[in-house]
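Biologist: Hi! Could you walk me through this structure?
Modeller: Happy to, here it is.

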Amino acid sequence: MGPEISDAALVARCRNGDDSAWGELVERFSRYVFAICSQGFRLSRHDAEDVFQDVFTRAYENLSKLRNDDAVRPWLAQLTRRLCIDHLREAAREAPVEDLEPDGMDEVIELLDEAMSVREGLAKIGEPCGDMLDRFYARDQSYRTIGDELDLPAGTIASRISRCLEKLKGAMEDSGTLVRPDVG
Amino acid sequence: MATNDIEELGRLIAALPPTPEGWVRAAQELPQVRRGLDDLLARAEADAALRARLIADLESTLSDAGIEPTRHVLADVRDRLRSP
């Protein structure tokens, strides 16, 4: 997890046929697309995989049509929503459902957008903090597993995580992503 | 984001769990797979025997061409073989 180039620069490299840039774009947005499918639409693992692959296939085919390279994230969100609905509509031929998009989808996307901003913060604070916080919160690894895998004493992991969260908070305040609390 | 609660950061990190590695890898390999398929299907246009092999035994023919016959690749090729 290192400093990242902008979304727009990454899209431009993809459009020029840079396979490694495409790999990075998939890596950057894979969790976002997966979360919309699984948390937003509560698709089964099998259905989520279908939609996930479909989203990136369509994205690959249509990247040249994206008008604003900075808007790749909302574009992917919209594409994922549409393909989730198409998938549910297909399934609903056998068992009709009243409303294909669950209530509160805008709020889910908003939360995931905030989560993506935090991931950008994780990239900024570098290693080992970014990796450690990801392991603890996103991968749900125990102190012992983190300690074993990063070759650190398990008894120090909790305090390290706490310090890393402070570092993350500071980085996000510095970048204006997180509002600094009023003092006094 | 306007929060003073550091725990909120933990909650937001947890909101984006990792995607299964195989899914990510398959999506990342899309450009190479696409090029391989385009090449194979172009050759099949001009080679009736190859086209017949593709239709008769798609999985093996793809494997022989160095393309992993995943569920999504198979569906894609079947669509393209059906289209005029």
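Modeller: One point to start with: among the contacts in chain A with a separation of 6 or more, 62% are between residues 24 or more positions apart. Keep in mind that this is a predicted model.

Biologist: Thanks! How many helices and strands does chain A have?
Modeller: Chain A has eight helices and zero strands. Read from the N terminus, the order is α-α-α-α-α-α-α-α.

Biologist: OK, and how is chain A divided into domains?
Modeller: Domain 1 covers 1-116 and domain 2 covers 126-184. The C-alpha centres of these two domains of chain A are 27 Å apart.

Biologist: What box do the C-alpha atoms of chain A fill?
Modeller: Along the principal axes, that box is roughly 55 × 40 × 40 Å.

Biologist: And what percentage of chain A counts as buried?
Modeller: That would be 34% of its 184 residues.

Biologist: Switching topic: how many residues of chain A are in contact with chain B?
Modeller: On chain A there are 35 of them, in contact with 23 residues of chain B.

Biologist: Which helices of chain A supply at least two residues each to that side?
Modeller: Those are H2 (19-40), H3 (45-62), H5 (105-125), H6 (129-138) and H8 (157-174) of chain A.

Biologist: Which one gives the largest share?
Modeller: H2(A) does, with ten residues on the side of chain A that touches chain B.

Biologist: Nice. How do the residues on that side divide into nonpolar, polar and charged?
Modeller: The side of chain A that touches chain B has 20 nonpolar residues, six polar and nine charged.

Technical notes
Residues numbered from 1 in each chain as written. Chains lettered and ligands numbered in written order. Predicted model: local features only at pLDDT ≥ 70, side-chain atom pairs only at ≥ 80, totals over all residues. Domains from an automatic or database assignment. Contact = placed C-beta atoms within 7 Å. Helix = DSSP H or I, 4+ residues; strand = E, 2+ residues; numbered from the N terminus. Nonpolar A, V, L, I, M, F, W, Y, C, P; charged D, E, K, R; others polar. Buried ≥ 20, exposed ≤ 12 C-beta atoms within 10 Å, placed from the backbone.
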